Amino acid sequence: MAELGRRDSTLTALDEETLWEMMESHRYKIVRSVCPSRLTPYLRQARVLGQLDEEEVLHSAQLTNSAMRVGHLLDLLKTRGKNGAIAFLESLKFHNPDVYTLVTGLQPDLDFSNFGGLMETSKLTECLAGAIGSLQEELSQEKGQKEALLRRCQLLQERLDLAEARAEGLSQLEADHSRMKREVSAHFHEVLRLKDEMLSLSLHYSNALQEKELAATRCRGLQEELYLVKQELQRENMVSSCELQFQERSLKMASDLAPGDEELTRLKEENEKLRSLTFSLAEKDILEQHLDEALESRQELVDRIHSLRERAVAAERQRKQYWEEKEQTMLQFQKTKVDCQLYKDKMKALQAQVSELQKERDQAYSARDSAQREISQSLGEKDSLRRKVFELTDQVCELRTQLCQLQAQPPGEVSQEAGAREPCPRGKQRLVRMRAICPRDDGDVDGDGSLLSSTESQLWSDLSATSSRELGDSFRSSSPVPPSQQSLYKRVAEDFRGLLVLCSGCTEIVEVDPGAPPEAKGGDADLGYEIVDRADLPPWESSLQPSSSGSLDDSASGAPMRRRPARRIPSQVTVLAFQGDRLLEQISVIGGNHTGIFIHRVTPGSAADEMALRPGTQIVMVDYEATEPLFKAVLEDTTLEQAVGILRRVDGFCCLSVKVNMEGYKRLVQDLEAKVVTSGDSFYIRVNLAMEGRAEGELQVRCNDVLHVTDTMFQGGSCWHAHRVSPYTMKDTTVHGTIPNYSRAQQRLIALIQDMTQQRTATRKQSSGGPQKLVRIVSMDKAQASPLHSSFDRGQSAPSRVEDTNAVCFWAESCVTLVPYSLVQPHRPARPRPVLFVPRVVGRMLSEKLSLLQGFKKCTAEYLSQEEYDAWSQRGDIVQEGEMSHGHCWVTRRAIESLMEKNTHALLDLRLDSVRALQRMEIFPIVVHVSVNEKAAKKLKKGLQRLGAAEEQLLEAARQEEAALDRAPCLYSSLAPDSWSDLDSLLGCVRLAIADEQKKVVWAEHTP
């Protein structure tokens, strides 16, 4: 800072370049610190800045901030030279002394005498007033900004208060929600506990009943044994009493020495009686055997009675169950009855609305008829007015011609020429709404009168013929009668012909106006006529002139013509009706379902050529009335093979809906010539059978392969050209070749199924992990018009065969049940896909293990009321009913998507038929098929015991669900039984399979 002591006089001693180098070196600090509105008054008084310069610096729209304004001010002062630099530094001395010191290195020494000498007093006052005004403006602007900021602060404070109130309300709602959730969980656990207690009590009660029945049975057995023992005791007592009596009598006989004959007789009788009471050993054995048999039969009866009682208890239980089902059915019946009544009321209301709509329609029809009558009347009046206008126009032209001739002739000849022209009045022409043709000169013309008379006679003859045909076809007629169907077809054909010509480069349609002589109309600028030479006309306009009117002389100077703007509607669909006998011999087509069907060549002189069909015309729809009903097909999204098959059937009067699409046609032709593509076809299929590459160039495919078909008319249409698709990127691989078309693949599929049925035993012995799958049985309902058939089977029928089906599926004779190719569409889901296991028993075991790992969680079913179920089912958010004890538990779309949003794989316990419902919701699950045989079932024995299932049940479920895999509308990952040894190794294989499937492209079948 040694230069701080220098005086201001040193600045004037410096040259211009040094001064500006000092300011340019500190330009950044100057533009950031200086306010231009404070400096401009002084600079104006110093006469280095004008008023316009000041306004440009302060108010230019291109200078959006203060730094840009100061930079522009420096650029302007630099053009003023040394005076501009000194004046700028002097202004910095007054208003920004720190910047002045930074730039010059001098202390700002204010010398008011010098300042007064620089500026006059009045100018100084004006300068100070301007500076004060600018400061006041800045102050008012700052006050306005302050008020705006205060108002914004108040608004933000009010919003903050509202947000805090809402946050308090939300916190209260969250607290209530959490409290209700805790209460619900507590009640839920209490209900589960009560259910468990009720189940245990029912088990104890059933055990007690069984013990009671066993005790009763044992008691009855003991009573029977007691009865037998009593009988045996009575018999023994009787035998012992008989023996005692016998002994007593023997003693009495011994005491009596001389018994009499009577006593002997009595003893013999008693002996016989005793013998009758005693039994022999053989009889006793027989009786015991009979007794044992009776006991056995009795035991059998007791067992039978016990079983009958059990069956009676089961029957009673079933009766109660059936009674409950009957009550539920009655409730459903009552509900259905109420719904039916509601639907009846709705139908009555709809019928009333339909009747009202019919009345309104009849009124609209009557109003339309009256409007048409009024339009026809207005058209008639318009024609009459036009006729009058043309008559007046002709009179004006004649008068102008006469005036020109009178002005050109001497005064003496005017009267004679006027008298000579009086008896030749010109005939009036009738106005006709048609393309007017200029009268042509067929030979030597004697004069104007002869030319006009011949032209008028020919025109009147044409008009009479036209008026006689008006009621027949009314083509371009002036009659108010509505046009006929043939007339409409002709008009459309003419419009389309003009449209094709316009697209080829024409900008206007020239219409010739007859009547006046060429020289009169050519010189009349008021009528908008223009002399156009025939040689200048385009060839297509010359072809529109009728040949019956003769030919114009080449030396003719021109004809009066009136121009009108042309219509340019290249994307409009036009309907052409013509006689399309053997249509494919008249035209050839290219394209496909990706680009559209285009006409490529037209046979010259054919009916298609006469209808102005040209290359580049896209065929949208074909309407061919061969028999009843109509043969109608849309070709916008059809393959080339299908389009050729449809057009081959056209042999007679037909209607083609076409539009001009030259851009798409040129792009397709360029791609074909550059061999980028071979046709306009592009779609993806899933192959349902394995095919070996028998011929050269034929592609070898496996069942469930996905192919990209790029040509359906390859090598004459007997085969398709296809590429293999990368499962991860969806791009075509280098492996490509031919595959049979749809009909030939169908035949191969049928032959392969026949071979498999003949080898039934070998097929039965084949395990799930054996050779690769040869065929996938996919069936299709013939009555439904599916996108698969509409994409592949339309063009396979013979041309001579007449269909007898409805208009929805006119190719129904080729709709078969077996489908060799399935149409698929690619999807790339970004979120983790849900997982579904086959068989479901193995899936339950794997879900228990996977749910313990990060990134996997079981998707539980939700409890829904009847109203919630009805609302969700109407929206299509119900996937499948959960397996619970009641019917209010459902797997919903919300539950699955909530897990997907958490970047988690949802583990689903669903049937395979739910995959279609998930795909309709744009959810594409990963299907993992675990192949199970007897050996693999033994590996999962422990897991099956935990689930309470047996190996036979697992094998049976696996067989049933593997059969349902063929109907799955998506690809699946299969794990062979030999790839894992136990449940833990199977878990690792499943995780790898899920990670691999998540990376792949999802190919979903197109469902009808």
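Modeller: The account below begins with the basis of the values, takes up the strand, and then turns to other parts of the chain.

This is a predicted model, in which local features need pLDDT of at least 70 and side-chain atom pairs count only at pLDDT 80 or more, whereas totals for chains, interfaces and linings use all residues. Residues are numbered from 1 along each chain as its sequence is written, and side-chain values use heavy atoms, with hydrogens and water left out.

The chain holds 32 helices and 23 strands; these are DSSP runs numbered from the N terminus, helices being H or I of at least four residues and strands E of at least two. Strand β12 covers residues 719-725, and seven of its seven residues are buried, so the strand is largely enclosed by the rest of the structure. Here buried means under 20% relative accessible area, exposed means over 50%, and partly exposed lies in between, with a 1.4 Å probe and protein chains only.

His 721 of β12 can be followed into both partners: Asp 711 stands opposite His 721, and in β13 the bridge partner of His 721 is Thr 738.

The two hairpins each contain a residue with positive phi. Four residues lie between β11 and β12, and in that hairpin Gln 715 has a positive phi near 55°. Between β12 and β13 there are six residues, and in this hairpin Met 730 has a positive phi near 70°.

Asn 903, which follows α27, has a positive phi near 60°.

Asn 96 is found in the loop between α7 (82-95) and α8 (97-104), and counts as buried at 13% relative accessibility. Leaving aside neighbours within four places in sequence, Asn 96 is in contact (heavy atoms within 4.5 Å) with Ser 33, Val 34, Leu 39 and Ser 91.

The charged pairs come next. Side chains of opposite charge can pair when their charged atoms come close. A salt bridge is a side-chain nitrogen of Lys or Arg within 4 Å of a carboxyl oxygen of Asp or Glu, and by this rule the count comes to 30. One of them joins Arg 179 to Glu 183, with the closest N and O atoms 3.1 Å apart. Both residues lie in helix α10 (residues 121-255), four residues apart, about one turn of the helix. Arg 179 is partly exposed, with a relative accessible area of 37%, and Glu 183 is partly exposed at 37%.

Lys 858 and Glu 848 form another salt bridge, at 3.0 Å from N to O. That pair links distant parts of the chain, with Lys 858 in strand β16 (residues 856-858) and Glu 848 in helix α25 (residues 840-850), 10 residues apart. Lys 858 is partly exposed at 36% relative accessibility, as is Glu 848 at 44%.

Helix α10 also contains Phe 188, which counts as partly exposed at 39% relative accessibility.

For the chain as a whole, buried residues make up 31% of the 1008 residues. Among contacts between residues at least 6 apart in sequence, 71% join residues at least 24 apart. The accessible surface comes to about 63,800 Å², of which 54% belongs to carbon and sulfur atoms; such areas come from the Shrake-Rupley method with a 1.4 Å probe, and for residues only the protein chains shown count as cover.

Key: Two strands pair if DSSP finds at least two bridges between them.
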